[in-house]
Each structure stands twice: as structure tokens, then as C-alpha cells.
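Please keep the model open while reading.

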Amino acid sequence: MNSKVTIKDLAEAAGVSVTTVSQILNGKGARFSEKTQEKVITLRDQLHYVPDFNARNLILRSSRTIGVLVPNIGNPFFSTFFRGIQKVCRQAHYFPIVFSASNDETSEKYYLGNLVERSVDGLIISSSSVTADTIDSILKPNHIPYLLFDRNQTHDDGDRLQVDDYQGGQLAAEHLVKLGHQKMVVMFPENLTNNLEKRLHGFTDELKKAGINFNPKTDIVNAPLTKLGGYEHADDVLAKKATAVFCANDELAIGLYRGLHEHGIKIPEELSVMGYDNIDLAEYVTPKLTTIEQPILKLGETSAQLILKRINDLKMERQLVDVPVKLVERESTAQPHS
């Protein structure tokens, strides 16, 4: 196998210096003649020259890489979120790398440490188990710009993008109350992250305001935030004899659909089901899922824009961006049958 073509090989073929080739390929070759620039570009293509990543990093002192840490890349929410990050990073000629460590603190420290070693330019952190201690011991000493998003509610003075989850919970309760539901149950995981706590508090506070009784000890079904979690806890939901259920995310709701179907329960005639996130699948289940929409793709784009701003200006004021949510009413909720 032939060895990889180096910048020195390209320079010798073009009859110019390595510095000349480097400047032309990095868009800084305006001082050279068009003939020289064209020759270098043509030979680059003919020889299939690809820049050496590590050498380039040493010269530019930048990897033009953004690390993205999420709790579960298999969740459609985070795959869409990352798509938004990719779009902005590509336009800015940055390379995003996503890591999913399933909220395992040891794995996340491993990934963060290795990203620092590889001179990552910035980090977008959406995992709840990345603690203030990890940030203080790994990121701050190495002056790595970072942005905290969504689940990560670490008490920290860094840049943050956050969704108004309290408002989301309120909107969900308000919708179900307007339909006439009096007996409601919620499906949430046992250990709540800060954003899920806000989501639940918004829901229960709105019910209280409407004069509807909600008992946290009896009206909450604990289930993992997955389709399997929703499916496996369908029996628990039905045991509550409620007319409506509010799920902490759409994945839970979609899993619950299957469990209810296997029990012969019709949605929404016998039980109204409501989700949260508005992932792509919400429109493709039957009936289409009523949910609270987070602008997922836009959240990814905004996250990338914020971290790139920070990379370009380390001394700028703290960036704190709040994003509203909205109700998307579809076919899975209706008035309760008497």
C-alpha cells in the first residue's frame, strides 16, 4: 500500500514551498498568482491529498471540533437535536462529535478527558450526570468553552440554553382540564432531573389552580423514559382508573400506545394520552399524538451558535437563552366519556 501523500509531497510536485501550499489550501493564498493557486489546487485533487489532522491542529492550535455529550443518542429527541448542531457546525467548518454515555459518570469523565487531550474547541453538555465538580476539575482548568443544555441543571455560571419546562407542564394540564378531565395520572421516571421536576410541577400546579385533586403518592406511575418503559407500565396506568395520562416524553407515550392496544383500550375514547417533545414519530402513530412541542432542531442549531460565539469570544457576557414551548393538539386527547 502506498504511503499517504504529505504536504511536502504536494509542495515538491507543485514546485513551491510547504508554507505556500499551506496558505493556499487554508484560503490565505491571495498574495500568490492565480496560476500558482490553480496548480496547487489541481495537484491536491490529482494526488488525493488530505491534510494531516494532528499537524494542522499544532499549526492552528485548534481542532475545529465540538464535543456533544447526550444521555441517549438512541432517543429521537437527541438525534434531531444533533442534526441541528451538525447543520450549524458544517456551515462554520467545525466538526461535531457526539457521545452517549447513558448518564454513567465514569464514562462521561473518560470522554470529557479525552476530548480535552485532543484539543476540542468547545463542548455542548446535555447529560444530567456531568457535575459541577467535573466541570471545575476538567473543563475550567483547561479553559474549554462549554454550554449546558436541557437536563443538565448543574449550578454553574456558564452559558446555558434552557427550555421552559414549567410552562410545558402547565400547558399540558390546561389542555386536559379544558377537555373536562378530572382524574389524571402522569408517567415520569422515579429519579427526576431538574427539567423533569419543573415539567411535573407545572402540571400539578395548574391542576391545583383548577381545583382538581392530584395526589403525588397515588397519581404518578414511575417508568423509564423509553418506549419499553411505557409499554411495560401500561397495567399500572390502567389500574389508576384515570381518563387521561400525561407522559414525561413522547417515547413513553408511544410505548404506552402498544400496551393499551394489547389491553383493547381505545385512544382517546377510553383514555386520552399526551406526550412531551413532539418528536417525528408523534405524527406517525395512530392516533396522532397530542404533545408539548420543544423546537428540537432549532435547539440544536441554537446550541451550536452559542458555543461558537463563546469560542470566538471567551470574555463575552454569560449567554443565557430561554426557549418557550407550545401545545400541539392532535387526535390522542378528547373529552372523557361519561
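## Helix packing

H1 passes H3 in a right-handed crossing; a crossing is right-handed if the near helix is turned clockwise from the far one by less than a right angle, and left-handed if anticlockwise. Helices here are DSSP runs (H or I, at least four residues), as are strands (E, at least two), numbered from the N terminus. Helix H1 spans residues 7-14 and helix H3 residues 34-47. They pack at about 125°, with axes 10 Å apart. Axes are lines fitted to C-alpha atoms over the stretch in contact, and angles run from 0 to 180 degrees between N-to-C directions. H1 is therefore oblique to H3. Angles under 35 degrees count as roughly parallel, over 145 as roughly antiparallel, 65 to 115 as roughly perpendicular and the rest as oblique.

From H1, Leu 10, Ala 13 and Ala 14 meet Lys 39, Val 40, Leu 43, Arg 44 and Leu 47 of H3. Contact means heavy atoms within 4.5 Å. The contact has six nonpolar, no polar and two charged residues.

## Basis of the model

The model is predicted: local features need pLDDT of at least 70, side-chain atom pairs count only at pLDDT 80 or more, and totals for chains, interfaces and linings use all residues. Residues are numbered from 1 along each chain as its sequence is written, and side-chain values use heavy atoms, with hydrogens and water left out.

## Salt bridges across the chain

Nine salt bridges occur in the structure. Each is a side-chain nitrogen of Lys or Arg within 4 Å of a carboxyl oxygen of Asp or Glu.

One of them joins Glu 301 and Lys 87, at 3.3 Å from N to O. Glu 301 lies in helix H13 (residues 296-312) and Lys 87 in helix H5 (residues 76-91), so the pair ties together parts 214 residues apart in sequence. Glu 301 is buried at 11% relative accessibility. Lys 87 is partly exposed at 46%. Buried means under 20% relative accessible area, exposed over 50%, and partly exposed in between (1.4 Å probe, protein chains only).

Lys 183 also bridges to Asp 219, with the closest N and O atoms 2.8 Å apart. Lys 183 sits in the loop between helix H8 and strand E6, and Asp 219 in the loop between helix H9 and strand E7, 36 residues apart. Lys 183 is partly exposed at 31%. Asp 219 is buried at 5%.

## A bridge within one helix

Arg 258 pairs with Glu 262 in a salt bridge, with the closest N and O atoms 3.1 Å apart. Both lie in helix H12 (residues 250-262), four residues apart, so about one helical turn separates them. Arg 258 is partly exposed at 49% relative accessibility. Glu 262 is partly exposed at 48%.

Terms used
Nonpolar A, V, L, I, M, F, W, Y, C, P; charged D, E, K, R; others polar.
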